[in-house]
Amino acid sequence: QFVRSVGGALGAAIFGSILANRYLPAFHSMLPQDVSSKIPLDHLAQFNNPQMLVQPDAAVALQNVFKSLGEHGADLLPIVQLAARQGLATALHDVFLLGSFLLAIAAGLAFLVKDIPLRKTNQPGVGATDSI
């Protein structure tokens, strides 16, 4: 039970770090160059955390920030959000691909485990003495 708990915690940490390391480059590669040149870096830095895609308060704050960029600021927000979603989807794809690869290896190794039958009774085995 302890080994399973530790394995689950380590697996979540490893897959989480892979997701975090893959998201940011994927987000910047999905963002069109003409759009990224119009947005200041501090506004783009708010998209470094994919959690902002699911937080309603962050969405309202982002709308206010992009409205402050001028008349085309509100038009840029959906483009940047789409790039963030595509970057997150790309990062998640990599995580699930690695997870399925590791699962296939584990399933293959499970077939190599030797089958040892359990005892049929709870009686002492041959050669045991009753010295109580």
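## A tour from the surface to Q81

Start with the surface of this predicted model. The chain exposes about 9,900 Å² of accessible surface, and carbon and sulfur atoms make up 64% of it.

**Select the whole chain.** Colour by secondary structure. You will find five helices and zero strands. Along its principal axes it spans about 90 × 30 × 20 Å. The radius of gyration is 26 Å, whereas a compact globule of 132 residues would have one near 14 Å. Of the 132 residues, 19% count as buried.

**Select the charges.** There are 8 positive and 8 negative ones, and their mean positions lie 15 Å apart.

**Select residues 73-110.** This is helix α5. How far apart are its end C-alpha atoms? They are 55 Å apart; 38 residues at 1.5 Å a residue should span 56 Å, so the two values agree.

**Stay on α5 and pick its buried residues.** They are G73, L76, L77, V80, Q81, A83, A84, G87, A91 and V95. Look at the spacing as you go. An α-helix has 3.6 residues a turn, so residues three or four places apart point the same way.

**Show what lies over them.** The cover includes α1 (2-30), α2 (33-38), α3 (41-44) and α4 (56-67).

**Zoom in on Q81.** Is Q81 buried or exposed? Its relative accessible area is 17%, and buried means under 20%, so Q81 is buried. Next, show F47 and L53. Q81 touches both, leaving aside residues up to four places away in sequence.

**Zoom out to finish.** Among contacts with a separation of 6 or more, 73% join residues 24 or more positions apart.

How values were computed: Residues are numbered from 1 along each chain as its sequence is written. This is a predicted model: local features need pLDDT of at least 70, side-chain atom pairs count only at pLDDT 80 or more; totals for chains, interfaces and linings use all residues. Side-chain values use heavy atoms; hydrogens and water are left out. Helices (H or I, at least four residues) and strands (E, at least two) are DSSP runs, numbered from the N terminus. Buried means under 20% relative accessible area, exposed over 50%, partly exposed in between (1.4 Å probe, protein chains only). Contact means heavy atoms within 4.5 Å. The expected span of a helix is 1.5 Å times one less than its number of residues. The radius of gyration is taken over C-alpha atoms; the globule rule is 2.2 Å times the number of residues to the power 0.38. Accessible areas come from the Shrake-Rupley method with a 1.4 Å probe; for residues, only the protein chains shown count as cover. Lys and Arg count as positive and Asp and Glu as negative; His and the chain ends are not counted. The place of a charge is taken as NZ of Lys, CZ of Arg, CG of Asp or CD of Glu.
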